[in-house]
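Please examine the model shown below.

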Amino acid sequence: MMDSVEGAGFVLSLAMVYCNIKEIHWGWPLAIASSILYGVVFWNTQLYGQVVLQVMFVLMAAWGWHQWLSHPAQKPLVVSSLQTKELRYVIAAGLFAWLACGFVLTQFTDSQVPQWDALVTAMGLMAQYLLGRKKIENWWLWLWVNLLTMGLMAYQSLWLTTVLYGLFSGLSLVGLRAWRQQHVK
């Protein structure tokens, strides 16, 4: 059953992704607001990894907003691709985050899906970091995060949020295409 908190999070989340695709910095405060709302939704459905992820999204959105705004006087932050060394670090950090989060959720919570929740959490953190650095690969990672999250939300009977992540999946491809067209090497 959808509640008003989930509905408001849904609307703010779509507006946030629109801003991200268009490289409009106002997507970051929208991310903060929608993450707070979804933190409440996920707490109420015992998706504790997703709660932690929403807290991290709030912190990373503040950082990402700073990243996007702090560069105009200096060298502007532009869309770029990960270098091989950076990709290795992202993969290693993601694996570590998945294992650590999975351990915590398994040992210390009553989560019914600790490893699935942990995987989505770890991948979401990596995708958010890449978005903040304007790395084009963020869109591919978001696609996978969104597809996995659709299943997780359906499992928890959060149907509006399942639809949202379905829309996010399509928007991940729209974002990838838009960033590629604007920033061809």
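The model is a predicted one.

Helix H2 covers residues 27-44, 18 residues in total. From its first C-alpha to its last, H2 reaches 26 Å, close to the 26 Å expected at 1.5 Å a residue.

The burial pattern along H2 can be considered next. Gly 27, Trp 28, Ala 31, Ser 34, Ser 35, Tyr 38, Gly 39, Val 41 and Phe 42 are the buried residues of this helix. Viewed down the axis of H2, these buried residues fall within an arc of 165°, so they line one face of the helix. On the face of H2 turned away from the buried side, the exposed residues are Trp 43 and Asn 44. The cover over the buried residues of H2 includes helices H1 (4-21), H3 (48-70), H5 (114-132), H6 (138-155) and H7 (159-182). Just after H2, Gln 46 adopts a positive phi of about 60°.

Is Lys 134 buried or exposed? Its relative accessible area is 9%, and since buried means under 20%, Lys 134 counts as buried. The side chain of Lys 134 is joined to that of Glu 23 by a polar contact of 2.9 Å. When neighbours within four places in sequence are left aside, Lys 134 is in contact with Glu 23, Trp 68, Leu 77, Val 78, Val 79, Ser 80 and Trp 179.

Notes. Residues are numbered from 1 along each chain as its sequence is written. This is a predicted model: local features need pLDDT of at least 70, side-chain atom pairs count only at pLDDT 80 or more; totals for chains, interfaces and linings use all residues. Side-chain values use heavy atoms; hydrogens and water are left out. Helices (H or I, at least four residues) and strands (E, at least two) are DSSP runs, numbered from the N terminus. The expected span of a helix is 1.5 Å times one less than its number of residues. Buried means under 20% relative accessible area, exposed over 50%, partly exposed in between (1.4 Å probe, protein chains only). The arc is that of the directions from the helix axis to the C-beta atoms. Contact means heavy atoms within 4.5 Å. A polar contact is a pair of N or O atoms within 3.5 Å; within protein, one must be able to donate a hydrogen and the other to accept it, and residues adjacent in sequence count only if both atoms are side-chain atoms.
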